[in-house]
Amino acid sequence: MARITLQNLAHSYLPHPRSDADFALKRMDHVWQDGGAYALLGASGCGKTTLLNIISGLLTPSQGRVLFGDRDVTAAPTAERNIAQVFQFPVVYDTMTVRDNLAFPLRNRGKDAAYVKARVDRIARMIGMEAWLNRKAQGLTADAKQKISLGRGMVREDVNAILFDEPLTVIDPQMKWELRTQLKELHRQFGHTMIYVTHDQTEALTFAQQVVVMHEGRVVQMGTPEELFEKPAHSFVGYFIGSPGMNFLDAEELRGDQALLPGGEVVALGAHYPPVAGRVQIGIRPEHARLVASGGLPLTIRRIEDLGRHRLVRGEVAGRPLNVVMPEGMAVGGLPQVAFAPGKINVYADDWRVAPLEQGGG
Ligand SMILES: Nc1ncnc2c1ncn2[C@@H]1O[C@H](COP(=O)(O)OP(=O)(O)OP(=O)(O)O)[C@@H](O)[C@H]1O
């Protein structure tokens with residue numbers, strides 16, 4: 001296993017990139033810890049596959065270095081990087097049995113038969129395929145084949161990292177949950193460095209200890225699921241994480257621990273902020289907003305959606321959409337305003353989060 005360091009890394013598919021916009025990956029410096037479970041999350045086209053291909057060696061970056069531990073692997077081909085990969089679609093040898101498919105990477109490296117058997121039995125148990133070991137892979141469902149691909153990705157103990165590229169795409173929703181749980185368990189037991197690419201926030205948040213959120217070729221935040229929820233570093237993280245995402249209101253200016261909105265309303269921020277330049281916004285999760293009779297901002301309610309455990313109030317404040325999650329059993333009538341939980345408001349200048357001045361608040 002290995003720590004992965006991305007040093008001054010950037011990539012453009014163009015031979016002579018001129019501006020930032022020409023880079024599919026903008027310059028980044030990151031260290032991915034040995035044994036960590038990382039999810040690479042972002043919308044289609046943000047650069048996830050480009051980054052994964054640079055780590056796996058399918059692509060040489062146009063700038064910067066990739067280190068596995070202390071070894072510079074920037075120019076090393078995939079075969080020399082000692083990694084396992086699981087792709088979107090199953091890669092399975094149809095004419096082989098499930099056992100032989102799972103054993104393939106071990107036999108290829110000359111492991112002895114007793115070790116191969118013990119290891120394959122263990123992996124098969126974990127992916128729920130032990131009853132299928134002597135069957136040919138041909139004719140198995142896509143789910144079962146992808147489980148074999150996942151199992152084969154996990155079978156070697158000595159890999160530097162395991163890279164997963166949207167591995168649950170072909171899996172039906174019910175099974176997705178089960179496989180995600182199994183992957184997490186496999187990580188807990190074997191402690192491999194894992195990088196899991198997905199555009200699905202549920203997959204990312206349930207699998208990973210650290211979620212790496214990408215947007216337009218940049219890593220905009222690397223954090224725990226809780227950090228992404230409570231303190232999105234960029235407005236994109238606020239929008240993208242959560243269902244629905246964070247609410248944003250423009251502010252004219254900040255005055256210490258208050259934000260002044262364009263209509264003259266004042267919002268207490270629960271913390272002091274330094275003066276900031278650029279487009280200033282305040283961000284509030286729908287879960288941290290509540291309806292009140294007075295003392296808040298006037299809210300025009302457009303729609304109320306019943307989501308089972310709670311209701312979602314979709315409204316507008318000063319012409320901007322604003323959603324509020326209502327706790328179960330709470331009546332909406334007579335509550336024409338919206339207020340925000342103190343200390344749960346985030347402040348953004350030109351889309352980047354501004355840390356408050358108080359100690360421990362940032
Ligand atoms: N081989 C290529 N040649 C030129 N441009 C490319 C190539 N591969 C990707 N790109 C561009 O680089 C950017 C990042 O693409 P990438 O495939 O890494 O994103 P992604 O986040 O993995 O998207 P998806 O989830 O759709 O696979 C996109 O603008 C894409 O059009």
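What percentage of the 362 residues of the protein count as buried? The share that counts as buried is 38% of the 362 residues, where a residue is buried if 20 or more other C-beta atoms lie within 10 Å of its own, exposed if 12 or fewer do, and partly exposed in between, with the C-beta atoms placed from the backbone.

This is a predicted model, in which local features need pLDDT of at least 70 and side-chain atom pairs count only at pLDDT 80 or more, while totals for chains, interfaces and linings use all residues. Residues are numbered from 1 along each chain as its sequence is written.

**Overall layout**

The protein contains eight helices and 23 strands, which are DSSP runs numbered from the N terminus (H or I with at least four residues for helices, E with at least two for strands). Its C-alpha trace spans about 75 × 50 × 35 Å along the principal axes. The protein is divided into two domains, whose bounds come from an automatic or database domain assignment, and the C-alpha centres of domain 1 and domain 2 lie 38 Å apart.

| Domain | Residues |
|---|---|
| Domain 1 | 4-230 |
| Domain 2 | 245-354 |

**Helix 3**

Helix 3, residues 113-126, has 14 residues and reaches 20 Å from its first C-alpha to its last, close to the 20 Å expected, the expected span being 1.5 Å times one less than the number of residues. Its buried residues are V116, V120, I123 and A124. Seen down the helix axis, these buried residues fall within an arc of 100°, so they line one face of helix 3; the arc is that of the directions from the helix axis to the C-beta atoms. The face turned away from this buried side carries the exposed residues A114, Y115, A118 and R125. What covers the buried residues of helix 3 includes helix 2 (98-108) and helix 4 (142-154). After helix 3 comes G128, whose phi is positive, near 70°.

**V338 in strand 21**

V338 lies in strand 21, residues 337-340, and is buried, with 22 other C-beta atoms within 10 Å. Two residues are in contact if their C-beta atoms, placed from the backbone, lie within 7 Å. Leaving aside neighbours within four places in sequence, V338 is in contact with A289, L291, G296, L297, L299, V317, L322 and V324.

**Around the ligand**

The residues around the ligand include Y13, A24, K48 and H199, where a residue is near a molecule if its C-beta atom, placed from the backbone, lies within 6 Å of it.
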